[in-house]
Amino acid sequence: MSKEEHQTEIMGAFLPWNTFAAVILLVIHGGLCADIIGGSEVVPHSRPFMAQIKGPRGDIICGGALIKENWVLTAAHCNVEKSKVILGAHSLKKREKEQQTFQIAKYFRYQCYDPTTKENDIMLLQLRGRAKLNKAVKLIPLPTSDDDPKPGTICTVAGWGTTTNSPHKLPTALMEVNITVISRQICNDKNHYNGKPVITENMICAGAKNGKKDSCNGDSGGPLRCNNVMRGITSFGKLKKCGKPDGPGVYTRLTKRYLEWIRKTIGGA
């Protein structure tokens, strides 16, 4: 996603700002970047919980995580109108025998999602049908606690987003990179986000000291895993600054409030 297009850098979908003010481009680097910078291709189908969200023209909109056979967790800024969800994918372009494709029956954005502050960037997709679980398609468990990863914690993010800022270059398959949690105090200072937007307790800031490792356009909605536990959702970054030291990726943290909302929404649907 291009930060220019929604001016707020959300990783995932490229939309004109006036098309959907409430949807922010999928950006692990805030609405701008949603692809993996400085990472490497994973072993095929070794991340069986990953979901591709593709638009009507087959373009990658966002990523997501399969949390139940018919539910995918992603970012609220992703534009999922007329989109489809593909499970069991490794390749971005090729049709694979492991893939299962679903239409979206309903989607549920968190009711207090704010595209300006980037708060509450979380959404649930209810699939039309249920996934058949196997080696290539598995659930990612929700965390049993809402632990806040400490600065210095090594986390992992994966996606099919762009691998360069300009020109945008898409990978051929699922990419992954290790990033390090950065304190909110540092992430909010004048050398980073400078309060635009404010990185809150509902967010996790993560990257690399010298940049070069990050999520980017198209990675939005994918899971952030710390110590093999899902702790966040790729949310946003700085426009055209994927992998830059002053614009580390920001992720929605799976707080107790969000975890309760997920369970309540799924249970009531």
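Predicted model: local features only at pLDDT ≥ 70, side-chain atom pairs only at ≥ 80, totals over all residues.

Are D246 and K238 buried or exposed? D246 is buried, and K238 is buried as well, where buried means under 20% relative accessible area, exposed means over 50%, and partly exposed covers what is in between (1.4 Å probe, protein chains only). These two residues form a salt bridge in which the closest N and O atoms are 3.6 Å apart, a salt bridge being a side-chain nitrogen of Lys or Arg within 4 Å of a carboxyl oxygen of Asp or Glu.

Residues are numbered from 1 along each chain as its sequence is written, and side-chain values use heavy atoms, with hydrogens and water left out.

Over the whole structure, a search finds 9 salt bridges. One of them joins R184 to D148, with 2.8 Å between the closest N and O atoms. This pair links distant parts of the chain, since R184 belongs to helix α2 (residues 184-187) while D148 sits in the loop between β7 (123-127) and β8 (154-159), 36 residues apart; helices (H or I, at least four residues) and strands (E, at least two) are DSSP runs, numbered from the N terminus. R184 is buried, because its relative accessible area is 17%, whereas D148, at 29%, is partly exposed. Both residues also belong to a network of salt bridges that links D148, R184, E201 and R253. Elsewhere, the side chains of E98 and K97 meet in a salt bridge at 3.0 Å, N to O. Here E98 counts as partly exposed because its relative accessibility is 23%, and K97 is exposed, with a relative accessible area of 78%.

The secondary structure of the protein comes to 3 helices and 13 strands. Strand β6 (residues 100-109) contains F102, which counts as buried because its relative accessibility is 8%. Leaving aside neighbours within four places in sequence, F102 is in contact (heavy atoms within 4.5 Å) with K84, V85, L87, L127, R128, G129, R130 and A131. The C-alpha atoms of F102 and R128 are separated by 6.1 Å, although the two residues are 26 apart along the chain. In the protein as a whole, 72% of the contacts between residues at least 6 apart in sequence join residues at least 24 apart.

The loop between β4 (71-74) and β5 (84-87) holds N79, which counts as buried because its relative accessibility is 16%. A polar atom of the N79 side chain lies 3.4 Å from the backbone nitrogen of E81.

Of the 269 residues in the protein, 61% are buried. Grid points are joined across faces, edges and corners, and a volume is the space filled by probe spheres set on the points. The largest cavity holds about 50 Å³ of space, and the residues lining it, each with an atom within 4 Å of a point, include V42, H45, R47, M50, H90, W160 and L174.

Definitions and conventions. Polar contact = N/O pair within 3.5 Å; in protein donor to acceptor, adjacent residues only side chain to side chain. 1 Å grid on protein atoms, 1.4 Å probe; cavity = no way out; pocket = protein on both sides within 12 Å on 5 of 7 lines; lining within 4 Å.
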